[in-house]
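Colleague: Before I use this structure, I would like to go through its helix packing, its charged pairs and some of its side chains with you. Could you take my questions in turn?

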Amino acid sequence: MNRQEAIDYFQQKVEENTDLSAAIAAIHTLIEYLKLNEAATLAELRDNLQNCIKWLKDTDSSTTAITSGCELFLRFITLTALDQSNFADCKTVLVERGNMYLKNVAGARDKIARLGHPFIRDGATVLTHSISRVVLKVLLEAARQKKRFKVYVTESNPDRSGEEMARRLNEAGIPSVVILDAAVGYIMEKVDLVLVGAEGVAESGGIINKIGTYQMGICAKASNKPFYVVVECFKFVRMIYPLNQQDVPNEFKYNASTLRDGLDLTKEHPLIDYTPPAYITLLFTDLGVLTPSAVSDELINLYL
């Protein structure tokens with residue numbers, strides 16, 4: 001499998017299932033790449049997998065999620081020693097471990113929904129941002145538990161992804177209203193809680209998410225409203241300690257095509273921003289309900 005074949009396979013996975021996150025699609029691609037790769041040694045195979053990850057990060061999908069998800073995938077499949085007598089058997093074991101990892105992360109959203117829905121009480125008003133598959137899962141679970149609540153969804157420019165979120169909620173019978181991004185401060189006094197997803201979680205416990213999340217955190221803090229994050233643990237990113245927006249790597253803030261074209265970034269709008277841990281009340285993950293300060297400990301456990 002060459003570079004273009006890997007990218008085509010990845011994009012096919014994304015198009016086949018719109019609810020599949022970029023990280024999971026990337027892991028599917030790595031497993032397929034692992035099966036077809038003709039490396040002769042484990043060291044060569046690992047180098048080739050690293051190259052494949054670079055190819056996937058060069059697409060315009062979420063670089064943050066791909067980086068964290070693929071790094072944890074490599075860690076998982078190589079965590080235990082390989083005692084097989086020949087390389088072919090070793091590769092078979094790696095593929096088996098890869099499929100096991102995929103199975104483990106596949107149930108992450110269900111776990112998060114079970115943990116998160118009790119925090120949405122009957123009669124609540126929720127504010128969310130853009131479209132998040134995990135947020136949607138939590139809200140659908142709350143509705144399944146016969147809770148009645150209302151959702152305000154930001155329009156989320158420039159792609160207006162919040163409109164798709166509102167459409168899905170309305171189809172599920174959950175009343176939702178699309179608001180302007182600039183109306184977050186105005187609407188905050190009407191809501192009981194803020195619920196957002198994340199493209200990545202930094203070691204500090206802060207989150208990288210769709211542009212506009214940071215201002216929601218600031219407004220929620222000023223209005224004394226809880227700011228909850230729902231996110232899978234495979235989006236925990238190592239070695240990222242942003243102190244401000246400029247500390248977030250450009251590869252996370254802009255599409256790969258934007259960086260490749262050498263455009264003047266001072267004239268480009270970033271796609272994501274960083275919300276510091278001080279603005280986050282709790283994170284609901286498949287590892288449990290965490291405070292932002294607990295994220296670094298969980299990252300250590302993930303990479304032990």
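Colleague: How many salt bridges does the count come to?

Modeller: Please keep in mind that this is a predicted model. The rule applied here asks for a side-chain nitrogen of Lys or Arg within 4 Å of a carboxyl oxygen of Asp or Glu. By this rule, the count of salt bridges comes to 17.

Colleague: Which parts of the chain does the salt bridge between Arg121 and Asp192 link, and how many residues apart are they?

Modeller: Arg121 and Asp192 form a salt bridge in which the closest N and O atoms are 3.2 Å apart.

Colleague: Which parts does the pair of Lys210 and Asp159 tie together, and how many residues apart are they in sequence?

Modeller: The two residues form a salt bridge, and the closest N and O atoms of Lys210 and Asp159 are 2.8 Å apart. Lys210 belongs to strand β6 (residues 207-210), whereas Asp159 is in the loop between β2 (150-154) and α8 (161-171), so the parts tied together are separated in sequence by 51 residues.

Colleague: Does Lys210 count as buried or exposed?

Modeller: The limit for a buried residue is a relative accessible area under 20%. Since the relative accessibility of Lys210 is 10%, this residue counts as buried.

Colleague: Are α2 and α4 parallel, perpendicular or oblique to each other?

Modeller: Helix α2 (residues 22-36) packs with helix α4 (residues 63-77) at an angle of about 45°, and their axes are 8 Å apart. Their crossing is right-handed. An angle under 35 degrees would count as roughly parallel and one from 65 to 115 as roughly perpendicular, so the relation of α2 to α4 is oblique.

Colleague: How many nonpolar, polar and charged residues does the contact of α2 with α4 have?

Modeller: On the α2 side, the contact is made by Ala22, Ala23, Ala26, Ile27, Leu30 and Ile31, and on the α4 side by Ala65, Ile66, Gly69, Cys70 and Phe73. In this classification Gly is placed among the polar residues. By class, the contact therefore consists of 10 nonpolar, one polar and no charged residues.

Colleague: At roughly what angle do the axes of α1 and α3 cross?

Modeller: The passage of α1 by α3 is a right-handed crossing. The residues that meet are Arg3, Ala6, Ile7 and Phe10 in α1 and Cys52, Trp55 and Leu56 in α3. By class, this contact has six nonpolar, no polar and one charged residues. The axes of α1 (residues 3-16) and α3 (residues 42-57) come within 10 Å, and their crossing angle is roughly 60°.

Colleague: What is the relative accessible area of Ile120?

Modeller: Ile120 is found in the loop between α6 and β1. Leaving out residues up to four places away in sequence, Ile120 touches Val126, Val138, Leu139, Ala142, Lys147, Phe149, Leu193 and Leu195. Ile120 is buried, and its relative accessible area is 1%.

Colleague: In which strand is Ile208 placed?

Modeller: Ile208 counts as buried, at 0% relative accessibility. Apart from neighbours within four places in sequence, its contacts include Thr64, Ala198, Val248, Phe252 and Tyr274. The strand in which Ile208 has its place is β6.

How values were computed
Residues are numbered from 1 along each chain as its sequence is written. This is a predicted model: local features need pLDDT of at least 70, side-chain atom pairs count only at pLDDT 80 or more; totals for chains, interfaces and linings use all residues. Side-chain values use heavy atoms; hydrogens and water are left out. Axes are lines fitted to C-alpha atoms, for helices over the stretch in contact, and angles run from 0 to 180 degrees between N-to-C directions. Helices (H or I, at least four residues) and strands (E, at least two) are DSSP runs, numbered from the N terminus. Angles under 35 degrees count as roughly parallel, over 145 as roughly antiparallel, 65 to 115 as roughly perpendicular and the rest as oblique. A crossing is left-handed if the near helix is turned anticlockwise from the far one by less than a right angle, and right-handed if clockwise. Contact means heavy atoms within 4.5 Å. Buried means under 20% relative accessible area, exposed over 50%, partly exposed in between (1.4 Å probe, protein chains only).
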